[in-house]
Every structure is written in structure tokens, then in C-alpha cells.
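Please open the model in your viewer and keep the selection panel at hand. This tour goes from stop to stop, saying what to select next and what is found there.

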Amino acid sequence: MDQKQNVLRLPAERLYAKELEALKEADQDPRPAGWQLSPRSVLTFITGGQAGGVNITPKYIGNTRLVEIAVATLLTDRALLLIGEPGTAKSWLSENLTAAIHGDSSKVIQGTAGTSEEHVRYSWNYAMLLAHGPSDEALIKSPIYRAMEGGGIARFEEISRCASEVQDALISILSEKTISIPELGREVSAARGFSIIATANTRDRGVNEMSAALKRRFNILVLPSPAGLETEVEIVRKRVGEIAANYELQAALPEEEAVRKIVTIFRELRAGVTLDSKEKLKSPSGVISTAEAISLLTNSMALAASFGSGRIQEEDLAAALQGAIVKDEEKDRIAWKEYLENVMKKRGSEWRSLYNACREMND
């Protein structure tokens, strides 16, 4: 069996290997030091197009100018910080930019409360350290260290989830482009092409606020939620299709009407007002993002494949909606019930079966 078929999730550079190869062969523009593609070809990889007869699928559906700014930032000595609400494709854009530019998106630090300065710089194999003292063999290089050596890009996910002292370890790296190793009496200087793409969630503001000094080392881009209903429907439909194919879900893709209904519900609850702006709504406490809508529909496909007819039914959508929206049992249940009775119930026959299924789940 092909090894790819045994992998749950392929990195972007393997998932889109054919597209990257076509872009390399067709690329006629100058390539910056350390880059495998020119900036224009990187943009095509992210936003979609054609290369040598190969269709390049769009990886990010949104404002093209934002992608241009992101690519241009990585041509300079500035690092890139992508900020946005959950589900605005920060990590997805970060991974695909790195795959397009360097062909290796695996150098990742996942920011958490347990991330330490060693994860940013380097650590040691303590058995070897105790036995033989500091040495190259005992040194464990961080993803940033390895990116500096090879002139690549390191990704720092959810940087604001880290403690301030961990964040500040980046300041000297971004300023001096070096990592000092006093135990070995040397420092590592970044090769040309090195940069960092970090992401931060706006919901995490106040958790570990980034210092002004660190923010100055980044060019900051705010990724907005999808501007309109049609754009969000397109994003959801595309990603559900990709995920369903990857997981080999034995169910039909959701119909256009189902996708549109889910996106409508999510947009209205997220904004706290109906699409026609005629009625204000209570917003649930949880995240009602585009990513959640994608997850909801893929879960509905799994339900339909495993326990249904292989086609998503209203009952599958209702069960998934209940789990996605009602996170806080008391507050969210009230908000969801009010939406059902004040909005969905009044939308006529097209919404009637979904309303009945949701009401049954919420009773």
C-alpha cells in the first residue's frame, strides 16, 4: 500500500507536491535566496491559478492583498505575525506559505502554557551531557535553530499562549538573527532566507499579552473572518471536500443547501444579528467559526456514513449543531433555543425539517 494512504494528515508540501513541482518548472521569475519559488509563484500557490497545464487549487480564499503583504514581509528581515479569530485559517496559511517557500513546513513550535525557552532555543540530551559534557552530539536543536541553520522558515503557533519570558526569548533571535550557545562557546547565525511565521488568536488577548518590543519585530497581519456569505460557503465546501477525501468518508458530500444553512446559522450567531439585520440574537459562549462549520459538516458525513444512508440528513446536522453550539449547558442552550424559535421556525418550509430535528435535540 502507498505510504501516503497510511498517513492521517499529510503536510502541505506532500499534499500539494504535484502543484509545487509544476510551479517550479513554470517559474520564470527570480527566486530569492533560499526560496524554491519566486514570490509570484508563491502567491499563485496560495490563491490559485495555472502552471504548465496543472490546476493550482486556492489554499486561502480571501483578500489577495493580504497574501501579497505576507509574502513580501518574508522577503525582508521582518518576521510575520498572523492574528485573527479562531477559524480564520491562520495556521493553514502559515503552513502553506512555508511549504511554498521552502518545501518544509515541519519546523513548528506549538505554543502552550508548558512551552519553555528551551523549545525556542535548544536543549540537551541530559544522559549524554552528564556522561561527556556539552557537545554537538548532546545538543537538541529547536525548530527555530534548525530553520536558522538551513535558511528556512520556522512556525510558531499560538504564540500568545506562551509565558512572556518564552516570548521574549524571540526578541534577540529576531533582532540579531543569532542563537548564542555559551556552553559550547559559539553562536549560530541565521542563513539567508530564515524567518518566523507566528500565529495568535484574538480570543487569547489578556492571556499572555505580547510585549511592545516583540511586536516591533513582526509585521502584523490581521486575518478577517470571511467577508460575505458566498465566500464562507465556498471555503466550507472546499475544505469539507478535501477533508472527506483525506479521511475516505463513505458518504456523499453535503448538498449546497445544507452548507448554506449551516454557514447562515454560524454567521448569524457569531455576529449576534440575523443576515438581514432585523433581529438581534444572543451569541453562544463558544467559538462559532468557519473551522467549526467545516468540522460540523465532516462530522455529519461520518454520522451518515456509519449510522445512516450515506447521505447527510437533517437529523445528522441537528446533532452536530447541538454539539457545536451548546458548549455551556445553561447559557448556550437558552441562546440556541431562542434562535430556533425566533429565527429558524419563521423561515418557512425550506427550514422546517431542520428546525424540527434541532428542536427535538434541544428538548
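**First stop: methionine 344**

Select methionine 344, which, leaving aside its neighbours within four places in sequence, is in contact with Ile265, Trp336, Tyr339, Trp351, Leu354, Tyr355 and Cys358; contact here means heavy atoms within 4.5 Å. Before going on, note that this is a predicted model, in which local features need pLDDT of at least 70 and side-chain atom pairs count only at pLDDT 80 or more, while totals for chains, interfaces and linings use all residues. Residues are numbered from 1 along each chain as its sequence is written, and side-chain values use heavy atoms, with hydrogens and water left out.

**The nonpolar cores**

Methionine 344 also belongs to the largest nonpolar core, a set of 38 residues in which Ile265, Phe266, Leu296, Leu321, Trp336 and Met344 touch the most other members. A nonpolar core is a set of buried Ala, Val, Leu, Ile, Met, Phe, Trp, Tyr and Cys residues joined through side-chain atoms within 4.5 Å, where buried means under 20% relative accessible area, exposed means over 50%, and partly exposed lies in between (1.4 Å probe, protein chains only). Now colour helix 11 (229–247), helix 12 (256–271), helix 13 (290–307), helix 14 (314–325), helix 15 and helix 16 (349–362), each of which supplies at least two residues of this core. Helices (H or I, at least four residues) and strands (E, at least two) are DSSP runs, numbered from the N terminus. Which helix gives the most to this core? Helix 12 does, with 7 residues. A second, separate core of 33 residues includes Ala79, Met148, Ile171 and Met210.

**Aromatic rings**

Next, show the aromatic side chains, among which the structure holds 4 aromatic pairs. Rings of Phe, Tyr and Trp (its six-membered ring) pair if their centres lie within 6.5 Å, and planes under 30 degrees apart count as stacked, over 60 as edge-to-face and the rest as tilted. Tyrosine 122 and tryptophan 124 form an edge-to-face pair, with 5.8 Å centre to centre and 85° between the planes, and both of these residues are buried. Tryptophan 336 and tyrosine 339, by contrast, form a stacked pair, with 5.8 Å centre to centre and 10° between the planes. Both lie in helix 15 (residues 329–342), 3 residues apart, which is about one turn of the helix. Tryptophan 336 counts as buried because its relative accessible area is 0%, and tyrosine 339 is buried at 1% relative accessibility.

Move on to Tyr16, Phe45 and Trp92, which ring pairs link into a cluster.

Select strand 10 (residues 195–201), of which 7 of 7 residues are buried. In a regular strand the side chains alternate between the two faces of the sheet. Here both faces are covered, with Ser195, Ile197, Thr199 and Asn201 buried on one side and Ile196, Ala198 and Ala200 buried on the other. Strand 3 (residues 79–84) pairs with strand 10 in the parallel sense over 5 bridges, two strands being paired if DSSP finds at least two bridges between them, and leucine 82 stands opposite threonine 199 in strand 10. Strand 7 (residues 153–157) also pairs with strand 10 in the parallel sense, over 4 bridges, and isoleucine 153 stands opposite serine 195 in strand 10.

**Last stops in the loops**

Serine 142 lies in the loop between strand 6 (139–141) and helix 8 (143–150), and it counts as buried because its relative accessibility is 2%. Leaving aside neighbours within four places in sequence, serine 142 is in contact with Glu118, His119, Val120, Arg121 and Tyr122.
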